[in-house]
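Colleague: Could you walk me through this model before I set anything up with it?

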Amino acid sequence: MNEIALLIAATLSAGTVLAIAALGLLVNERSGVVNLGAEGLMLVAAIAGFAAAVHSGSDLIGFAAGMGAGALLAALSGVLIIWLGTNQYATGLALSLFGAGLSAFVGVEYTQQRLSERSHFAIPGLADLPFVGKAFFEHHPLVYGALLLALGLHLFLYRTRAGLVLRAVGESPESAHALGYPVRRIRLASMAVGGALCGLAGAYLSIIYTPLWVEGMVAGKGWIALALTTFATWRPARVLLGAYLFGGVTMLQFHLQSEGIEIASQWLSMLPYLATIAVLVLISRNPAWIRINMPASLGKPFRPGQ
């Protein structure tokens with residue numbers, strides 16, 4: 001039972017990275033913009049957050065630096081896409097490659113750095129409960145913050161006027177523009193917010209989850225987060241479900257290795273990515289279902305007056 005509790009706890013921690021990044025990408029895509037640069041954003045944010053935490057000794061400053069780096073890069077790519085009319089997919093891929101190279105270059109001197117001793121978090125009273133205490137109540141506050149973020153995003157999208165406007169921009173930017181809404185500024189703001197959340201996920205990875213800096217440490221999590229938005233049919237609650245599902249698959253490989261299962265480690269390392277491909281294949285079997293839930297203008301450029 002103790003091993004199961006530890007597996008659940010590890011699943012929640014691993015899923016938090018994917019959940020926060022995927023929620024950020026969901027904000028992007030609800031406005032009609034596809035951001036394929038999540039991997040690069042998370043890498044740059046990971047080194048920015050780690051470096052800030054090393055020099056300041058504060059995790060909060062590290063998180064702020066990661067969010068700032070992610071928001072800045074996403075906003076710059078947003079200017080290219082929204083105002084200069086560059087292709088969304090090509091720009092996203094370029095951002096991903098740029099982020100990987102920049103983070104590797106900046107992170108050389110931080111490879112051997114270590115953060116100060118990590119604090120142990122536990123909810124008083126609840127953490128002492130058998131099984132559920134270790135499984136659910138000994139996590140970093142950001143793990144619970146991801147749950148609140150999903151709830152807040154759901155309320156924003158479906159219970160507020162601003163959320164309705166954001167969804168309208170993603171469905172029909174021409175109609176939103178005709179009603180007087182600044183479509184391009186709304187899309188740019190959504191990209192900055194989405195980039196900040198991807199940055200927070202990257203900073204959490206290097207400051208709390210690991211905590212250290214290794215080149216390429218995001219290891220495809222940005223691409224999995226991108227797939228999660230489709231898997232979740234652009235719904236925040238389903239993003240959480242998918243994130244913890246993939247987090248569980250990621251942790252399962254380590255659990256199987258610790259149990260001495262006679263499977264090549266390379267196959268176990270492939271599990272999260274095989275699960276991603278399998279899920280995308282399954283949901284792609286019903287294109288009509290995806291079209292019903294997908295923002296109608298997703299990936300389509302908008303130019304006022306054309």
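Modeller: We can go from the overall fold to the core, then to some backbone angles and the surface.

Colleague: Fine. How many helices and strands are there in the protein?

Modeller: This is a predicted model, and in it the protein has 13 helices and zero strands. The radius of gyration is 20 Å, close to the 19 Å that the globule rule gives for 306 residues, so the protein is as compact as a globular protein of that length.

Colleague: And what does the C-alpha trace span along its principal axes?

Modeller: The C-alpha trace spans about 60 × 45 × 40 Å along those axes. Among the contacts with a separation of 6 or more, 79% are accounted for by residues 24 or more positions apart.

Colleague: What share of the residues is buried?

Modeller: Buried residues make up 48% of the 306. The protein exposes about 14300 Å², and carbon and sulfur atoms supply 67% of that area.

Colleague: Now the inside. Which residues touch the most other members of the largest nonpolar core?

Modeller: Those are Phe 63 and Trp 213, in a core of 72 residues. In soluble globular proteins, nonpolar side chains tend to be buried together.

Colleague: What is Trp 213 in contact with, leaving aside its neighbours within four places in sequence?

Modeller: Trp 213 is in contact with Leu 43, Ala 46, Ile 47 and Phe 50, and also with Ser 103, Ala 104, Gly 107, Tyr 110 and Thr 111.

Colleague: Switching to backbone angles: which residue just after H10 takes a positive phi?

Modeller: Thr 233 does, with a phi of about 45°, and Trp 234 also has a positive phi, of about 60°, although it is not a glycine. Most residues other than glycine have a negative phi. Thr 233 is placed in the loop between H10 and H11, and Trp 234 lies in the loop between H10 and helix H11 (236–258).

Colleague: Is Trp 234 buried or exposed?

Modeller: Trp 234 has a relative accessible area of 1%, which is under the 20% cut-off, so it counts as buried. Thr 233 is buried as well, with a relative accessible area of 1%, and, leaving aside its neighbours within four places in sequence, it is in contact with Arg 238, Trp 289 and Asn 293.

Colleague: Out to the surface, then. Which residues form a nonpolar patch there?

Modeller: The patch is formed by Ile 263, Trp 267, Met 270, Leu 274, Ile 277 and Val 281, which together have about 570 Å² of accessible area. Val 281 has its place in helix H12, residues 265–284.

Colleague: Last one: where is Phe 156 found, and what is it in contact with beyond its neighbours within four places in sequence?

Modeller: Phe 156 is found in helix H6, residues 141–159, and is in contact with Ala 162, Gly 163 and Leu 166. From C-alpha to C-alpha, Phe 156 and Leu 166 are 9.7 Å apart in space, and they are ten residues apart in sequence. At 31% relative accessibility, Phe 156 counts as partly exposed.

Technical notes:
Residues are numbered from 1 along each chain as its sequence is written. This is a predicted model: local features need pLDDT of at least 70, side-chain atom pairs count only at pLDDT 80 or more; totals for chains, interfaces and linings use all residues. Side-chain values use heavy atoms; hydrogens and water are left out. A nonpolar core is a set of buried Ala, Val, Leu, Ile, Met, Phe, Trp, Tyr and Cys residues joined through side-chain atoms within 4.5 Å. Buried means under 20% relative accessible area, exposed over 50%, partly exposed in between (1.4 Å probe, protein chains only). Contact means heavy atoms within 4.5 Å. Helices (H or I, at least four residues) and strands (E, at least two) are DSSP runs, numbered from the N terminus. Patches are made of residues with over 30% relative accessible area and no salt bridge: like charges are joined within 9 Å, nonpolar side chains (Val, Leu, Ile, Met, Phe, Trp, Tyr) within 5 Å. Accessible areas come from the Shrake-Rupley method with a 1.4 Å probe; for residues, only the protein chains shown count as cover. A salt bridge is a side-chain nitrogen of Lys or Arg within 4 Å of a carboxyl oxygen of Asp or Glu. The radius of gyration is taken over C-alpha atoms; the globule rule is 2.2 Å times the number of residues to the power 0.38.
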